[in-house]
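I opened the model to look up ring pairs, charges over rings, strand pairing and the core. My notes follow.

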Amino acid sequence: MKIERPLRKALTATILSILFDSANSEQLLISADTSISRGILSEKYWVSQALSDNDEALIAYADFSRRFEFKILSNDFFVESHTVASMSTTANSLVMFSKDDASIRRLPDLQTKLAGKLLSYGYDAFGINIKSASQNSNFTWLFSPKILRMTNFKSDSGSGIFSKQTDYYHLAAETNSIGYWEYGFFENPPGTVKFGSGITSDFSIKYQQSHLSAQLNVLNIYSRVSNYGLFYNSKRYQTKTKDTVILSNNFPAMAGEYGQSDFISSLPVFSTLKLEYADPHHKFRGAVGLDTLDGTSAGWGALTVQYDDLQMSAKSYGLKKMALDGQVTNLWLRGLSFGVGLESDFKGDWQFNALRVALEF
């Protein structure tokens, strides 16, 4: 029996309505978010900073992502792509590595620790959002496991002690690098770098009591990724020189090794613990929190004001810098929101630090 075209359309629409929930079930999100616990990440900024007797840890996490959320049979799925850079270091390390040889020669006699870890990576992923059963409970949680395919991976780390006494410079340090850049000389042609697959998962839990809430968000609470044929090198420095600044990139290592190997790695764990109070009458929210990157933490405070479809927020890490963000919802058309942010060190230096475009349909 031949099915007429209107009946075929009706059957198709019925099947699609069962598979894909109807109103506001899809969301397209493009965002670029940055969290930096002190200053701004530019060489111009850090070269002007002074070395501190009480060195402090510093964390930075930047994530540019594209994400599409949709429902199938009442389940929340998503596909996404991320380009991420994370860094944990110390303020004095950034000051030292931003200076050229002439600037270091002008420094007074000193001894300072150098430490830092920088990881940059990218991946495409498919995942599902698993939510708490009841949204009416004071406790709600969200678990987001995902399968991913790596598109980039590079890791650099180092630690040591640098000292200067009159015209003498001493460096005891070790550096390690893993990535896709070929390093050293190979007797045979090196193999092809292949970015592999893996898994990761995000988790959040929230407790809401009247106008007060506590929330914990954790990115990469568990992860495991494989990459093949990555180049690696490690260098060890134990040297003392006169008149030659040994932080120069051209200064040779005293010992080291390099090669090519497969690596199984984990992605950096980045968490935010937040305690927030929302005033229902004046449309503002105040919050204090703690950001932690691979065991290094930084505290902050924030204030957010809402007026109709406009939201403005200010966030400060220990009153040493300020991040300002603004977001407008229902911009030009219903379901479209746009946000932008910038950060300043309170001394005139600033840079953009956030971008967010979302469309619900």
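The model is predicted, so I kept to its thresholds: local features need pLDDT of at least 70, side-chain atom pairs count only at pLDDT 80 or more, and totals for chains, interfaces and linings use all residues. Residues are numbered from 1 along each chain as its sequence is written, and side-chain values use heavy atoms, with hydrogens and water left out.

**Entry 1. Rings**

I counted nine aromatic pairs by this rule. One of them joins Phe68 and Phe70, stacked at 5.6 Å centre to centre with 25 degrees between the planes. Phe70 also stacks with Phe77, at 6.1 Å between centres and 20 degrees between planes. Which residues do ring pairs link into a cluster? I found Phe68, Phe70, Phe77 and Phe126.

Next I looked up burial, where buried means under 20% relative accessible area, exposed over 50% and partly exposed in between (1.4 Å probe, protein chains only). Phe68 counts as partly exposed because its relative accessibility is 27%. Phe70 is at 13%, so Phe70 counts as buried. Phe77 is buried as well.

**Entry 2. Charges over rings**

I used this test: NZ of Lys or CZ of Arg must be within 6 Å of the ring centre and within 35 degrees of the ring normal. Arg67 places its charged end over the ring of Phe78, 3.9 Å from the ring centre.

**Entry 3. Hairpins**

Strands (E, at least two residues) are DSSP runs, numbered from the N terminus. Two strands pair if DSSP finds at least two bridges between them. Strand E12 (residues 296–307) pairs with strand E13 (residues 310–316) in the antiparallel sense, over seven bridges. Lys315 in E13 is the bridge partner of Ala302. Two residues lie between E12 and E13 in this hairpin, and Asp308 in the turn has a positive phi of about 55 degrees.

E13 also pairs with strand E14 (residues 322–328), again antiparallel and over seven bridges. Here Met312 has Gly326 in E14 as its bridge partner. The E13 and E14 hairpin has five residues between its strands; Gly318 in the turn has a positive phi of about 60 degrees.

**Entry 4. Core**

I took a nonpolar core as a set of buried Ala, Val, Leu, Ile, Met, Phe, Trp, Tyr and Cys residues joined through side-chain atoms within 4.5 Å. The largest nonpolar core has 19 residues, and those touching the most other members include Tyr61, Leu148 and Leu267. Which element gives the most to this core? E4 does, with four residues.

I then listed contacts (heavy atoms within 4.5 Å). Beyond four places in sequence, Leu148 touches residues including Tyr123, Ile199, Val225 and Leu267.

**Entry 5. Two single residues**

Phe263 lies in strand E9 (residues 255–265). Its C-alpha is 9.0 Å from that of Ile178, although Phe263 and Ile178 are 85 residues apart along the chain. Phe263 is in contact with Ile178, and also with Val225 and Leu230 among others, leaving aside neighbours within four places.

Ser213 is in strand E8 (residues 212–242). Ser213 counts as buried because its relative accessibility is 7%. With neighbours within four places left aside, its contacts include Lys206, Tyr207, Lys274 and Glu276.

Notes. Phe/Tyr/Trp six-rings, centres within 6.5 Å; stacked < 30°, edge-to-face > 60°.
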